[in-house]
Amino acid sequence: MAHLLGAEALHLEYPTRIVFDRVTLGIDEGDRIGIVGKNGDGKSSLLGMLSGLIEPQSGRVTRRGGVRFGVLTQGDDLDPDATVEHTIVGGLDEHEWAGDAKIRDIIAGLVADVPWAAPIRDLSGGQRRRVALAQLLIGDWDLIALDEPTNHLDVEGISWLAAHLRNRWPKSAGGLIVITHDRWFLDEICTKTWEVHDQIVEPFEGGYAAYVLQRVERDRMAAATETKRQNMMRKELAWLRRGAPARTSKPKFRIDAANELIADVPPVRDPIVLKQMAVARLGKDVIDVLDAGVSFGDREILKGVTWRIGPGERTGILGANGSGKSTLLNLVSGVLEPTTGRVKRGKTVRLGMLDQQFSQLQTIGSDRVREVLGREKTTFNVDGKDLSPAQLLERLGFAREHLSARVDDLSGGQKRRLQLLLLLLSEPNVIVLDEPTNDVDSDMLAAMEDLLDSWPGTLIVVSHDRYLLERITDQQYAILDGTLRHVPGGVDEYLRLRAEQDARPTKAASEPEKPGLSGSEKRAAEKELASIERRLEKIAAETQKIHARMAAHDQADVDGLQKLNADLSALSDESDALEERWLELGELVG
């Protein structure tokens with residue numbers, strides 16, 4: 001195989017730490033490489049050095065002559081005044097790009113719902129991300145690097161992207177490097193895995209499943225001190241081997257070795273025992289959604305939904321962006337009352353919700369983590385063992401030194417760990433998780449799944465992370481055309497149904513449109529839109545000021561830099577939430 005790119009003795013450090021020391025690696029034609037590792041260990045920095053966006057202190061990166069290298073970073077440099085069409089297809093006439101099957105497929109797969117004539121400045125963060133990805137993929141590249149490409153994609157978009165990357169080049173041609181926390185995606189497209197840790201890059205053959213096996217073998221041979229982490233990965237491997245026949249039917253790792261490793265590992269969870277415990281805690285009546293509908297003005301979001309949620313059920317909810325998943329969760333949790341029908345809740349239901357905006361942490365931002373935990377119960381039972389809150393946090397990959405940090409100063413991933421812990425300590429018997437994988441690395445995801453395996457209650461999960469849904473839920477429902485439908489075949493059945501839905505003929509042009517919002521409702525929505533736009537402008541200005549302060553800041557002042565980083569993270573979270581609301585209102589106003 002021809003060589004595409006090589007890196008020799010790369011050394012990268014910042015004033016507070018060394019990120020990489022003497023890293024040497026290479027990429028050949030046909031390589032499909034997934035990069036994994038904990039948040040902050042240097043995955044994006046590695047991609048930056050390989051692509052030339054970051055200059056290492058020593059070492060060098062070389063490319064074969066003529067290699068065309070396309071890169072998608074976590075930010076974008078799109079021209080805010082350019083239209084979506086010009087950004088994606090440049091100066092090509094419509095007949096040129098519309099006659100190209102590859103370009104048509106990319107547009108349909110990523111930006112079919114994005115206004116073609118809209119300027120980039122009017123798009124939400126998620127739409128900009130998809131436009132940037134479409135712009136990159138339309139190019140003709142020998143090597144592509146993608147940093148978190150599945151962010152802002154729903155299940156269908158992720159499935160499309162995996163298929164596109166699998167088929168983009170012949171098997172022994174082209175090269176791909178991808179950073180993602182989506183483990184299903186890693187398994188679908190990668191032939192190699194690089195783990196970034198402890199200033200090195202450690203290579204493994206195969207995708208995520210193969211990486212799990214090899215990492216367990218490595219840990220078994222390394223030292224007895226790795227027992228905790230090893231047990232978690234062995235449990236993960238047990239699920240990969242026993243719980244997902246479609247995944248292990250492919251020879252991605254040695255079946256004999258896997259069987260030997262998990263011979264003494266019990267099943268991931270015992271559904272019968274957990275259901276008995278759930279009935280004891282909840283009774284037989286949990287939540288019944290009875291012929292419920294939700295409308296905003298004349299816009300119908302959900303219609304005729306009947307869903308009887310039982311004790312101990314573990315359910316994943318599927319649906320495209322904007323299909324009504326969050327509306328359904330708000331209906332179940334009592335945040336929203338149905339427009340028609342009713343929702344009946346059992347008397348013993350204690351519902352806990354993990355949302356996307358860290359709302360549970362907003363009132364305790366100035367408190368130290370240790371103070372927050374001190375106000376909670378002293379022990380929590382997991383797998384028959386009593387653990388303290390600090391031990392639980394450690395099990396979730398939270399370093400002990402961060403117990404003294406203020407909540408507002410935590411990174412997004414650390415906040416997600418604390419948010420989950422506080423949710424579990426509140427002892428709900430029904431848990432609702434809304435996109436729980438945001439800001440979370442693969443180790444944290446495995447730890448979260450490990451904790452939820454032994455949790456005896458009803459679990460409802462909305463996520464675009466296919467691996468997570470298959471791993472922690474036992475059944476899936478889908479929102480299709482505003483109705484809730486059981487999909488026994490899981491994600492694959494849902495994708496088939498959506499493809500059939502998209503293939504149906506559209507409404508006749510003569511068919512009258514449904515009326516929109518009333519005059520007063522439209523004025524209120526437009527007023528809120530204007531308010532959001534003003535706040536987003538202020539956030540952009542504040543973000544620029546913080547970047548300027550960071551550039552001028554004393555790099556030796558670690559605490560000061562951490563505070564500035566925390567401020568940036570908070571502004572980013574607020575911006576994402578506002579952009580989502582802006583999109584919803586934009587759809588209503590038209």
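This is a chat about a predicted model of one protein chain.

Visitor: What should I know about the model before we start?
Guide: The model is predicted, so local features need pLDDT of at least 70 and side-chain atom pairs count only at pLDDT 80 or more, while totals for chains, interfaces and linings use all residues. Residues are numbered from 1 along each chain as its sequence is written, and side-chain values use heavy atoms, with hydrogens and water left out.

Visitor: How many helices and strands does the protein chain have?
Guide: The protein chain has 21 helices and 20 strands. Both are DSSP runs numbered from the N terminus: helices are H or I with at least four residues, strands are E with at least two.

Visitor: And how much of the chain is buried?
Guide: Buried residues make up 50% of the 590 residues. Buried means under 20% relative accessible area, exposed over 50%, and partly exposed in between, using a 1.4 Å probe and protein chains only.

Visitor: Take Asp-187. Buried or exposed?
Guide: Asp-187 is buried, with a relative accessible area of 2%. Asp-187 belongs to helix 7, residues 183-189.

Visitor: What does the side chain of Asp-187 reach?
Guide: The side chain of Asp-187 reaches the backbone nitrogen of Tyr-208 at 3.0 Å.

Visitor: New topic. Which residues of helix 19 are buried?
Guide: They are Gly-490, Val-491, Glu-493, Tyr-494, Leu-495, Leu-497, Arg-498 and Gln-501.

Visitor: What do those buried residues pack against?
Guide: The buried residues of helix 19 pack against helix 6 (155-167), strand 12 (314-318), helix 18 (466-472), strand 19 (475-480) and strand 20 (483-486). Contact here means heavy atoms within 4.5 Å.

Visitor: Helix 6, then. How do the axes of helix 4 and helix 6 cross?
Guide: The axes of helix 4 (residues 101-110) and helix 6 come within 9 Å and cross at roughly 155°. That makes helix 4 roughly antiparallel to helix 6. Axes are lines fitted to C-alpha atoms, for helices over the stretch in contact, with angles from 0 to 180 degrees between N-to-C directions. Angles over 145 degrees count as roughly antiparallel, under 35 as roughly parallel, 65 to 115 as roughly perpendicular and the rest as oblique.

Visitor: Which residues make the contact?
Guide: Asp-105, Ile-106, Gly-109 and Leu-110 of helix 4, with Gly-157, Trp-160 and His-164 of helix 6.

Visitor: What is the phi of His-152?
Guide: His-152 has a positive phi of about 75°, although it is not a glycine. His-152 sits in the loop between strand 6 (143-147) and helix 6, and is partly exposed at 37% relative accessible area.

Note on methods. A polar contact is a pair of N or O atoms within 3.5 Å; within protein, one must be able to donate a hydrogen and the other to accept it, and residues adjacent in sequence count only if both atoms are side-chain atoms.
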